[in-house]
Amino acid sequence: MPPSPRKSIKERELFSLFSSLPCCSWLKVVLCSHMRNLWMVLMALTVLCVAIQILGVVWQSRNDKMLSEKLLNVQFTIKIQRTLPTEQRDWVRLRSSHAPVVEEEMRSQEEGALKQRAKGKQKVAEHQHGRDEPGVERRVQEHHQHLKLSYTVNKVKDSRKEARGKVSAVNAALPKVTLGDDELHLGVPGSVVLQLGHPSIKVVSTLPYKPPELLSTNQLKSRNSLAPLGTNSVVAVVINEVKSEVASATCRPKNHIVFLKTHKTASSTILNILYRYGDSRNLTFALPLNKHSQLFYPFFFASHFVEGVRSRSVKEFHIMCNHMRFRPPEVRKVMPQDTFYFSILKNPVAMMESIFIYYKSIPAFHKARSLDDFLDNGWRGYNTSLPNNHYARNILTFDFGFDNNVATETPGDLETRGAKAIGAIEQDFHLILISEYFDESMILLKRALCWSLDDVVSFKLNSRSERTRHMLSPHTADKIRAWNALDWQLYLHFNITFWRRVDATVGREEMRREVTRLQERRAELAKTCLKDGGAVDPSQVKDAGLKPFQYGAAIIQGYNLNPGLVGPTKTHCQNLVTPELQYTDTLYTKQFPELAARQRQAAKLVASQRQPSSVKVNPNKAAMTGPVRVREARHSRTARSGHRNPHAQKQNDLPSSALSKITAARSDRNMP
């Protein structure tokens, strides 16, 4: 028989066998009946219900996970309103007491006292009924005990009443409890906002802030103390210790930093702080190409201005802090995404006096006999196309990447440009410091970067001698504010935000304490490191490697180290007083040793070809180090250029390949 018929016969026999079973017959009847459609619908619904329930369980577990993460980031905000001093003192006394616990303790004490009183009354009644006759002396003792219990009960009642009164007062001051975006808002008397979040605690002020009165130029010279303390910092002391402990436990030091180094704002001192921090931790600096001291300032910054970018020899840059004209898109090409951006401002009145002395050789100041003469007459011949004339007007605005020339006679244009600049700076920078409050600025910087006190302690660098400082009259100060109107707007705005940040993150009292510790630490280092206890004129600096660069009519002071310093102490002290150009040269040699060696050989070859052996060398210049000598030569060429072709200096400083790109580039933030 063929295989296929044999297989079909077996299948028919198997089907007939199953059909003969009772259960199979019942199932066939059910499925083949007119109710089969209903059974199929019920089975489908059952499967659907099971699937929906499984999805519900999965969705619930996902929501629970999201809720737990949400709760970790909830900020418990206590918005504290102004109250009378008595209410503030009551709140301070009550802050450490947990009202429910106090009330529960009062209730338990009162119940115990009532039980003792009832027991005493019972014993007195037993004595009166003749159950116990202890005598007169025992009755007197029980009477005293009864009086003592009564006094205890009354005292407990008074304490409970007083506690309830305080709790009621606090509850009355909590009129509303609302849940906002990740914040729980409670109103309590005081002046600060307590944010309890994950991973740190912060204190933020919500009251309208009245900025400290701006000091005149004469007062800036002798300023050594904080601005007057307000009366709204009482509650800040309550949470300061907890805040600092939590912050120190959860904060991680930031190593990716961009510092926009502005001109004549104590920025050289901050540069030294950043240099020392990165040098001690072997961090990589975004140094200028070809051993320049600046990132091809005053051109808008471009990523290929940094050594190692075009050659891709550096995988990661940590700190960028040399002079540049800020251009955010290009900076972000070099620095990581989590970089911390900050800068520093100075009162434009005092800054203008310093700039006029330091940059006296630029075309704008060349013919002016004095600063007043320039403000009264010299500005009429002010030419924006001449090289280095940008130093003469709104230099802060220029450094931040905006047009520094604005018509003061059109207030609308001035306000619009100022508002645009302020908005862009607030968006790009995490912190703006104020030079007049340098110590306070260092405390804010220390907290923002999560650094230690020794990381931000410093000596003044690139500072002028008092002999070259000139007092300005109020009339001159007014003319400077009008001439540098954009810079004045920036300074006013960020001076206010600076003190708001002090109140929000530190508090005035704590700021005083930390500034005192910083000044004490600086005094200790000065005693250890400095021979003369402070800065001296450049002619008195013994070590040629520590002589600061001199330019213009300003006398830039330097330091002498104590003799006998050895080991790490000597290295630390030497780094504290090393001027900008020498330290930049040291870091460049450390990061790019092969390039530095080739450049030194090329410089020696050029110097031997240009200078005959018979020519006498100025002993002062001979004592200068390499980078200082190069900087002086560049400034000399700038001063000699005078009113020549404005592109001559650019061609001297830029390589031809970079020049074609930079001159064609325009900042996307430049105002029209």
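Here are a few friendly notes on a helix pair and some salt bridges in this predicted model.

1. Let's start with helix α9 (residues 267–280) and helix α22 (residues 580–591), whose axes come within 10 Å and cross at roughly 25°. Angles under 35 degrees count as roughly parallel, and α9 and α22 are therefore roughly parallel to each other. The crossing of α9 past α22 is left-handed.

2. Which residues in α9 and α22 meet? From α9 come Ser268, Leu271, Asn272, Tyr275, Arg276 and Asp279, and from α22 come Glu580, Tyr583, Thr584, Leu587 and Lys590. Sorted by class, this contact of α9 with α22 has 4 nonpolar, 3 polar and 4 charged residues.

3. On to salt bridges: the whole structure has 23 of them. One joins the side chains of lysine 333 and glutamate 330, at 2.9 Å from N to O. Both residues lie in helix α10 (residues 328–334), 3 residues apart, or about one turn of the helix. Lysine 333 counts as exposed at 58% relative accessibility, whereas glutamate 330 is buried at 12%.

4. Arginine 417 is worth a look on your screen. Its side chain meets that of aspartate 403 in a salt bridge (3.5 Å, N to O). This pair links distant parts of the chain, 14 residues apart: arginine 417 is in helix α15 (residues 411–428), and aspartate 403 is in the loop between α14 (395–399) and α15. Arginine 417 also forms a salt bridge with aspartate 413 (3.0 Å, N to O). Arginine 417 and aspartate 413 are 4 residues apart in helix α15, so about one helical turn separates them. Arginine 417 counts as buried at 11% relative accessibility, while aspartate 413 is partly exposed at 29%.

5. Lastly, salt bridges link Asp372, Asp376 and Lys479 in a network.

Technical notes:
Residues are numbered from 1 along each chain as its sequence is written. This is a predicted model: local features need pLDDT of at least 70, side-chain atom pairs count only at pLDDT 80 or more; totals for chains, interfaces and linings use all residues. Side-chain values use heavy atoms; hydrogens and water are left out. Axes are lines fitted to C-alpha atoms, for helices over the stretch in contact, and angles run from 0 to 180 degrees between N-to-C directions. Helices (H or I, at least four residues) and strands (E, at least two) are DSSP runs, numbered from the N terminus. Angles under 35 degrees count as roughly parallel, over 145 as roughly antiparallel, 65 to 115 as roughly perpendicular and the rest as oblique. A crossing is left-handed if the near helix is turned anticlockwise from the far one by less than a right angle, and right-handed if clockwise. Contact means heavy atoms within 4.5 Å. Ala, Val, Leu, Ile, Met, Phe, Trp, Tyr, Cys and Pro count as nonpolar, Asp, Glu, Lys and Arg as charged, and the others, Gly among them, as polar. A salt bridge is a side-chain nitrogen of Lys or Arg within 4 Å of a carboxyl oxygen of Asp or Glu. Buried means under 20% relative accessible area, exposed over 50%, partly exposed in between (1.4 Å probe, protein chains only).
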